[in-house]
Amino acid sequence: MAHTHYIKKLLHIKDPNIYLSEVPVTREKKKDQEYLVVHGKLTYRPSCCKVCGVKNTSSQDLIKHGTKCSTLTLTHVNFQPVLLRLKKQRFLCKHCNSTFIAETSLVDRHCFISNLIKTTIAMELKETQSMTLIAQHLSVSPPTVIRVMRQVGETLEPNNQELPQHLSIDEFKSVKDVSGAMSFLFINASTHRLTDVVENRQLPYLLDYFMRYPVEARNKVKTVTMDMYSPYTQLVIDCFPYAKIIIDRFHIVQHMNRALNSERIKVMNELRYTRPRDYRKLKKQWKLVLKNEDDLDFSCYFTHRLYEGAVTEKMMADYLVQLDPKLECVYALFNQLKWALEHRNFKRFKSYLEESKKCTLPRKARTVLQTFEKHLEAIKNAFVYTLSNGPIEGMNNKIKNIKRSGYGYRNFYNLRARLLISYRLTTSNYQPRALYFEDEKAV
Ligand SMILES: [Zn+2]
């Protein structure tokens, strides 16, 4: 008896009603695959009839009535699948004359794959790997993996009754058959936990989605962090009347850098045939132009093949920028704005923005400034709140990898289930940051 006890323990067979036979483990070969087969019997004294519900008090009520053999995929040992050949007891009810079969917690009714394997599949689905690979490792078929994924995904769905107080929203490139091919995701900005994935990021669709939440839940939302995509602003106004919009700081800088870069390219192309040396400098050293002026090194001299004599990073950047007065102007202005953003000085940011109206700027730079004007209130919040879209952008990156690992997804609901498993099955021990920069400074 002792050895079967340890075999059961080893294979996670926790059901006390399963009794292993005299020769508990054998080997079998099927389709080039070797299996370990564990033999056992499932039997117990049922408390009542499964069909009519009559209480089992004596052999006048229920009797044992033969067995039914079923083979279950149990687990894996040393890369070998382990099957459990289980003789399940059948019972006959003398009251309703019907039979029923003994049940075990090891496996669901009508299933041949143990719950242990299903749990393992769910755990494996959290990682970035293809579903076929998981199926191969666990000796199940790919459709089984998909089925488990959908089942587990369903249990992880948000309840549509509550919303986090701080939201962070973004979109990601989704499956082909979604119109616009972009889907929408939103997370809890303070705990970084994924809340839900929505198929379509277009405004009517999102309105429809968020209106399903009760109005009390929507009123509780305090902030929404996002990029400068204007339909989202409308979404917040309509769905979360008490929420403040925060523009992600990274996107503010990105807007400026894009404009700066296009100005550099314009100057570069103008110089292409007249001053090829300067053209090359502008082309090769694009990074220097985008780097914050304060971060440029001005003490370390070195020789550079494009320049004569010893130079520093700062000298090179200054040289590049002075090639065109307009570029110089944009560069100076954007660096001021970046400085203000970095030092959380909104007053300065606003005054620089005001001053910029006096000088003539290239069209693209002007557009950026106009966008800032338009979202000024939301940008101001970025100077106050520590919340950002960083975590959600990180998620976006992982989504890309998940999609690639499966050679793309065709069905949005499968992708959604996979994402819910990846991000909602875990309990992260992330410590939320202070909400305001002021509080953070105090600590
Ligand atoms: Zn009965």
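Q: Where is Asn78 found?
A: Asn78 sits in the loop between strand S3 (62-77) and strand S4 (80-93). Keep in mind that this is a predicted model.

Q: Is Asn78 buried or exposed?
A: Asn78 is exposed, with a relative accessible area of 70%. The cut-off for exposed is over 50%.

Q: And what is phi of Asn78?
A: Near 50°. That is a positive value in a residue other than glycine.

Q: Why point that out?
A: Because most residues other than glycine have a negative phi.

Q: What about Asn160, where is phi there?
A: Phi of Asn160 is near 60°, again positive in a non-glycine residue.

Q: Which loop holds Asn160?
A: The loop between helix H4 (142-155) and strand S6 (166-173).

Q: Switching to helices. At what angle do H8 and H14 pack?
A: About 165°, with the axes 8 Å apart. H8 covers residues 249-270 and H14 covers residues 363-374.

Q: Parallel or antiparallel, then?
A: Roughly antiparallel. The angle is about 165°, and over 145 degrees counts as roughly antiparallel.

Q: Left-handed or right-handed crossing?
A: H8 passes H14 in a left-handed crossing.

Q: Which residues make the contact?
A: H8 contributes Ile252, His255, Met256, Ala259 and Ser262. From H14 come Lys364, Ala365, Val368 and Phe372.

Q: How many of the contact residues are nonpolar, polar and charged?
A: For the contact of H8 with H14, 6 are nonpolar, 2 are polar and 1 is charged.

Key: Residues numbered from 1 in each chain as written. Predicted model: local features only at pLDDT ≥ 70, side-chain atom pairs only at ≥ 80, totals over all residues. Heavy atoms only, no water. Axes fitted to C-alpha atoms, helices over the stretch in contact; angles between N-to-C directions. Helix = DSSP H or I, 4+ residues; strand = E, 2+ residues; numbered from the N terminus. Parallel < 35°, antiparallel > 145°, perpendicular 65-115°, else oblique. Left-handed = near helix turned anticlockwise from the far one by under 90°. Contact = heavy atoms within 4.5 Å. Nonpolar A, V, L, I, M, F, W, Y, C, P; charged D, E, K, R; others polar. Buried < 20%, exposed > 50% of the residue type's maximum accessible area, 1.4 Å probe, protein only.
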